[in-house]
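Please keep the sequence and the structure in view while reading.

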Amino acid sequence: MSATGLLKSLSDEQKAILAEKKVKLNRPADELLNLLKPIAAFDVAAAPARKQAGCSLAVLIVLSVIVAIYGLNQEGNLRTVCLALAGAFIVAAIVNGRTWGRLKGADVSDNLSNIVIPFLTILREDVAPAEPVTLDIDLTAADAKKKLTQTIEPKTKGYPKLVTSVFMNPWFEGNAVFADGTQLKWKVIDRLRVTKKTKKNPRGKIKTKTKTKVRSDVRVTMAFPTKRYAPKHNAVPGEKRHEVKLAKRTKGAADTPQGFPMLIDLIADGYRKVTSQKGAAR
Amino acid sequence: MNECMSKQGFFSLRACGEPAATDCATCSRPICSRHLSPTSGFTRCLDCTARGVEGDALKQPGVDPGVDDREWAYGYRRGYYASHSYSPFNYGDDDSYYDDYDMRSFDRDLGTSNAGITGTDADGKADWTDS
């Protein structure tokens with residue numbers, strides 16, 4: 001199905017999520033996956049469709065201008081045909097522009113398909129079917145203006161000019177209770193560093209290069225029921241739950257998200273910090 | 001009716017306990033409909049299918065709303081345990097592969113007429129046939 005077809009097939013709730021680009025829900029994992037997967041499917045299909053619509057829009061505008069100028073310099077039937085053709089190109093450009101605008105407006109962060117869906121698919125296995133999972137997801141772009149925290153401008157004028165912008169994106173937060181009674185809370189914060197370097201060559205041509213680096217901070221808090229799990233270290237006598245806090249940080253390019261494996265690794269590390277009581281065997 | 005013997009969970013495993021729909025064509029364990037693999041035509045369990053897709057399993061799951069990614073999750077689980085040396089906790093029964101009948105040969109007292117004496121056979125004398 002095409003991207004526009006997928007967009008039309010979404011429910012009102014899914015369209016509202018696309019419009020707000022925020023998810024704040026407390027539902028069983030199966031329901032969350034049923035709600036979010038069609039949105040992710042649309043987002044994956046929309047990326048190439050948006051690019052195609054944008055390119056077609058540019059080509060149609062250029063063609064309509066060329067044909068219109070050529071037609072204005074002609075006389076008789078050829079002039080009429082050229083102007084009609086230019087008009088058709090303009091109409092096609094408007095249709096493409098509207099499609100591009102609709103797809104652009106409904107674009108959500110790739111984190112949904114790259115991190116949230118795989119994480120929920122794994123989480124579903126450990127959470128009891130009726131147990132709700134709380135999600136708070138921000139699906140707006142990581143480099144949105146409201147997330148800008150710092151801009152480092154060059155102190156001197158002239159070239160090369162280096163402008164660095166720092167964005168803080170605390171985009172994924174949630175909690176769940178596993179079937180074994182373990183409580184889990186997690187938070188993912190991405191710190192985006194966008195560096196724009198502008199150079200001027202001896203012929204006076206100005207070129208700008210942009211580099212983007214992402215640092216992901218993943219924090220996980222787990223509270224293990226001491227009836228089932230005994231802490232290996234720092235045990236407090238009489239505590240009902242043993243809390244373990246873990247954090248991990250990675251740096252990488254913007255197009256290689258690390259949030260999903262980091263979350264899985266941290267939760268696995270949490271389980272490595274406890275041993276089994278009666279009833280649980282390794 | 002037999003119960004499904006598939007283990008569910010990722011970080012800690014527990015017995016499924018649902019009524020079994022059929023036996024897995026590979027491991028012969030009774031399996032419920034939820035733990036049968038769609039790609040095998042619902043003839044094999046997700047664990048047996050995961051053995052075959054292990055290489056691809058560490059990739060991301062698809063986002064096709066019509067596809068239940070439980071199969072991916074089981075493949076990922078198997079791959080993750082192997083690549084990260086992770087051994088999960090088990091709950092409920094100790095191991096669904098072995099029941100009491102299978103475990104009888106590990107019973108120390110079984111096979112000796114005198115349950116109080118171990119280390120010697122029925123003749124009561126310690127000789128080369130004793131362990």
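## Helix packing

Helix 5 (residues 111-126) of chain A and helix 3 (residues 70-84) of chain B have axes that come within 10 Å and cross at roughly 85 degrees. Helix 5 of chain A is therefore roughly perpendicular to helix 3 of chain B. Axes are lines fitted to C-alpha atoms, for helices over the stretch in contact, and angles run from 0 to 180 degrees between N-to-C directions. Angles under 35 degrees count as roughly parallel, over 145 as roughly antiparallel, 65 to 115 as roughly perpendicular and the rest as oblique. Helices (H or I, at least four residues) and strands (E, at least two) are DSSP runs, numbered from the N terminus.

Helix 5 of chain A contributes A:Thr121, A:Ile122 and A:Glu125 to this contact, and helix 3 of chain B contributes B:Trp72, B:Ala73 and B:Tyr76. Two residues are in contact if their C-beta atoms, placed from the backbone, lie within 7 Å. By class, the contact of these two helices has 4 nonpolar, 1 polar and 1 charged residues. Ala, Val, Leu, Ile, Met, Phe, Trp, Tyr, Cys and Pro count as nonpolar, Asp, Glu, Lys and Arg as charged, and the others, Gly among them, as polar.

The model is predicted: local features need pLDDT of at least 70, side-chain atom pairs count only at pLDDT 80 or more, and totals for chains, interfaces and linings use all residues. Residues are numbered from 1 along each chain as its sequence is written, while chains are lettered from A and ligands numbered from 1 in the order in which they are written.

Within chain A, the axes of helix 5 and helix 6 (residues 259-272) come within 8 Å and cross at roughly 25 degrees. Helix 5 of chain A and helix 6 of chain A are therefore roughly parallel to each other. The residues that make this contact include A:Ile115, A:Phe119 and A:Ile122 of helix 5 of chain A and A:Phe260 and A:Leu263 of helix 6 of chain A. By class, the contact of helix 5 of chain A with helix 6 of chain A has 7 nonpolar, 3 polar and no charged residues.

## Chain A as a whole

Chain A contains 6 helices and 9 strands. Its radius of gyration, taken over C-alpha atoms, is 26 Å, well over the 19 Å that the globule rule gives for 282 residues, so chain A is more spread out than a compact globule. The globule rule is 2.2 Å times the number of residues to the power 0.38. The C-alpha trace of chain A spans about 95 × 55 × 30 Å along its principal axes.

## Backbone details

Most residues other than glycine have a negative phi, and most peptide bonds are trans. In chain A, a cis peptide bond joins A:Tyr159 and A:Pro160, with omega about -5 degrees. A:Pro160 lies in the loop between strand 3 (148-152) and strand 4 (161-177) of chain A.

Two residues of chain B have a positive phi, as the table shows.

| Residue | Phi | C-beta neighbours inside 10 Å |
|---|---|---|
| B:Ser28 | near 65 degrees | 10 C-beta neighbours, exposed |
| B:Phe42 | near 60 degrees | 14 C-beta neighbours, partly exposed |

A residue is buried if 20 or more other C-beta atoms lie within 10 Å of its own, exposed if 12 or fewer, and partly exposed in between; C-beta atoms are placed from the backbone. B:Ser28 is in the loop between strand 3 (22-23) and strand 4 (30-31) of chain B.
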